[in-house]
Amino acid sequence: MPKIHLIDIAHGRSGDKGDTSNVCVFARKPEYYDIIIREVTPERLKSYFGDMVKGDITRYEVKTLSGINLVMHHALGGGATMSLRLDSLGKSMGSAVMRMKINVSEEELEDLKKSGMTLMDYEDPYAEVENE
């Protein structure tokens, strides 16, 4: 099954309050919304971030805006004033979410290309590294 980066079909805004990160993901076109709903789930995000997000992830769907709001609890190492992380703010979490690879069918990929989507080409820093 083909994979694309979420940023290929979405853009977002993010922020933080204490140890909670908030990431909003908006479909670039309304027809991309169903792919986002299917692929960007709390379970997938927990797997993607691993131990970085220690609490629950809640997803709020906002169909009228073709978007979702993701609230990640205990996600910032205690928050900006407590964390030893290099970048403990929610802004970096939004960028990481956008780099997540999502599955699309061959048919969806063809439809996306026909609609004018340009595929991004960069490495995912959270991808598993294969041992040689």
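**Close-up views of the predicted model**

**View 1. Pairing of strands E3 and E5.** In E5, Leu-70 is the bridge partner of Val-23. Strand E3 (residues 20-27) and strand E5 (residues 67-72) run antiparallel and are joined by six bridges. Strands (E, at least two residues) and helices (H or I, at least four residues) are DSSP runs, numbered from the N terminus; two strands pair if DSSP finds at least two bridges between them. The model is predicted: local features need pLDDT of at least 70, side-chain atom pairs count only at pLDDT 80 or more, and totals for chains, interfaces and linings use all residues. Residues are numbered from 1 along each chain as its sequence is written, and side-chain values use heavy atoms, with hydrogens and water left out.

**View 2. The open sheet.** Four strands form an open sheet in the order E2-E3-E5-E4, with antiparallel pairing. Strand E2 (10-17) and strand E4 (57-62) stand at the edges; each has a single partner strand, so one side of each is left without a neighbour in the sheet. From one strand to the next, the twist averages 15 degrees.

**View 3. Helix H2 on the sheet.** Helix H2 (residues 42-49) lies across E4 and E5 and runs at about 135 degrees to E4. Axes are lines fitted to C-alpha atoms, for helices over the stretch in contact (heavy atoms within 4.5 Å); angles run from 0 to 180 degrees between N-to-C directions.

**View 4. The aromatic pair.** One aromatic pair (ring centres of Phe, Tyr or the six-membered ring of Trp within 6.5 Å) is found in a search of the whole structure. Tyr-48 and Phe-49 form this pair, which is edge-to-face, at 5.1 Å centre to centre and 70 degrees between the planes; planes over 60 degrees apart count as edge-to-face, under 30 as stacked and the rest as tilted. Tyr-48 counts as buried at 14% relative accessibility, and Phe-49 counts as buried at 4%. Buried means under 20% relative accessible area (1.4 Å probe, protein chains only).

How values were computed
Buried < 20%, exposed > 50% of the residue type's maximum accessible area, 1.4 Å probe, protein only.
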